[in-house]
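Biologist: I would like to learn how to read a model of this kind. Could we take a few features in turn?

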Amino acid sequence: MTAPMQGKVVLVTGGTSGIGQETAIGLAKLGAQIIITGRNRERGEIAAKEIQAASGNPQVHLMIADMTSQASIRQLADEVYACYSRLDVLVNNVGMVVPTRQLTVDGVELNFAVNHLSAWLLTTLLQPLLEDSAPARVINVTGGIVGKVDLENLQAEKSNYVGFMAYSHSKSILMAASYEMAQRLSGKGISVNVAYPGGVNTTNMGRQPSTLPIWMRPLMSVVRRTLNTTAEKAARSSIYLASSPEVEGVTGQYFNTNSKLAKWNPTVFDDHIRETVWALSEALTQLEQQTAAA
Ligand SMILES: NC(=O)c1ccc[n+]([C@@H]2O[C@H](COP(=O)([O-])OP(=O)(O)OC[C@H]3O[C@@H](n4cnc5c(N)ncnc54)[C@H](OP(=O)(O)O)[C@@H]3O)[C@@H](O)[C@H]2O)c1
């Protein structure tokens, strides 16, 4: 019997550990050609071998990319175009929580840059390849506490910076942008959905208590001890959205950790918020300028 994802090319960002690595294993088991990204070649090669061993699928390709750098994201997109003539699924899984407010080499606040802008830029750069491979799927991985997007604080400009809050806000921004992208790409054969993996205490994420407000630290240490979702279970919503025939053509939706449809925060239905986030993403990546110059 043919494996269901045989012949499909899948890119999982941050596939070198945690939920991303389990996503890569699950999709490799279904027969897909997998590309994973990470920042460190040695660590990434070990991860690629682990994915091959766990899935029995030798088609695992490591690409190096640092999502804090737009030049590195552009290089990654160039490498994908150079190596592959199709891309069926893009899982924007990379995420990080930043303890203190910092700017990237491009001068962008770090949570915003990695959790939202890197996914937005990579998807935009790879859009022609995804379109050529239609029907194609984009899955953006979100966080647990998502709420209203504050247009006055998109890059954590307000003085009361707390890492976990800035992380959660950047995931809310990603969700608004995902909903907008789904509308813009509808009719182009590319679906865009959001997956919530659920809380996992065995991955590298959230290990630094300094990313939490002081009042939340004792509570969170209890919550972390009681979390029993494994990275393997947390990967299921991304794997489902990447591979299931049930969601073929489904777009602009938000799925929870059980791969069930969840309710969007109403912030995503606010046109002004979505348009402002979109315009800022274009301006910060100078994509508009590039298009105009082309
Ligand atoms: N863990 C949870 O409880 C939880 C809950 C809700 C949502 N999520 C979301 O699930 C996703 C995966 O989380 P996880 O817990 O599996 O995290 P993780 O174990 O820390 O893995 C993160 C992955 O992203 C890569 N990465 C991190 N920062 C990067 C950067 N600046 N540039 C390029 N790659 C980078 C890491 O690769 P290298 O280190 O090899 O470079 C690694 O492969 C994230 O989007 C996270 O927000 C997690």
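Predicted model: local features only at pLDDT ≥ 70, side-chain atom pairs only at ≥ 80, totals over all residues.

Biologist: How is the packing of two helices described?

Modeller: In general, two packed helices are described by the distance between their axes and by the angle between those axes. Here, helix 5 (residues 163–185) and helix 9 (residues 271–285) have axes that come within 9 Å and cross at roughly 95°. That makes helix 5 roughly perpendicular to helix 9, since angles of 65 to 115 degrees count as such.

Biologist: Which residues of helix 5 and helix 9 make the contact?

Modeller: Helix 5 contributes Ile173, Ala176, Ala177, Tyr179, Glu180, Met181 and Arg184. From helix 9 come Ile273, Arg274, Val277 and Trp278. By class, this contact has eight nonpolar residues, three charged and no polar ones.

Biologist: At what angle do the axes of helix 4 and helix 9 cross?

Modeller: The axes of helix 4 (residues 110–132) and helix 9 cross at roughly 85° and come within 11 Å. Helix 4 and helix 9 are therefore roughly perpendicular to each other. On the helix 4 side the contact is made by Phe112, His116, Leu117, Trp120 and Leu121; the residues of helix 9 include Val277, Trp278 and Leu280. Eight nonpolar, three polar and one charged residues make up the contact of helix 4 with helix 9.

Biologist: Now the ligand. How many residues surround the ligand, and which are the closest?

Modeller: The ligand is surrounded by 30 residues, the closest being Thr16, Arg39, Asn93, Tyr167 and Thr203. By class, the shell divides into 15 polar, 11 nonpolar and four charged residues. Helix 1 (18–29) and helix 5 each supply at least two residues of that shell.

Biologist: Which atoms lie 3.0 Å from an oxygen atom of the ligand?

Modeller: One is a backbone N or O atom of Gly14, and another is an N or O atom in the side chain of Arg43. For Val200, a backbone N or O atom lies 2.8 Å from a ligand oxygen. Taken alone, the ligand exposes 890 Å², and the protein buries 94% of that.

Biologist: What should I expect of phi and of peptide bonds?

Modeller: Most peptide bonds are trans, and most residues other than glycine have a negative phi. In this model, a cis peptide bond with omega of about 0° joins Ala134 and Pro135. Pro135 is in the loop between helix 4 and strand 5 (136–141). Ser259, although not a glycine, has a positive phi of about 60°. Ser259 lies in the loop between strand 7 (254–255) and strand 8 (261–262).

How values were computed
Residues numbered from 1 in each chain as written. Heavy atoms only, no water. Axes fitted to C-alpha atoms, helices over the stretch in contact; angles between N-to-C directions. Helix = DSSP H or I, 4+ residues; strand = E, 2+ residues; numbered from the N terminus. Parallel < 35°, antiparallel > 145°, perpendicular 65-115°, else oblique. Contact = heavy atoms within 4.5 Å. Nonpolar A, V, L, I, M, F, W, Y, C, P; charged D, E, K, R; others polar. Near = heavy atom within 4 Å. Polar contact = N/O pair within 3.5 Å; in protein donor to acceptor, adjacent residues only side chain to side chain. Areas by Shrake-Rupley, 256 points an atom, 1.4 Å probe, with all protein chains shown as cover.
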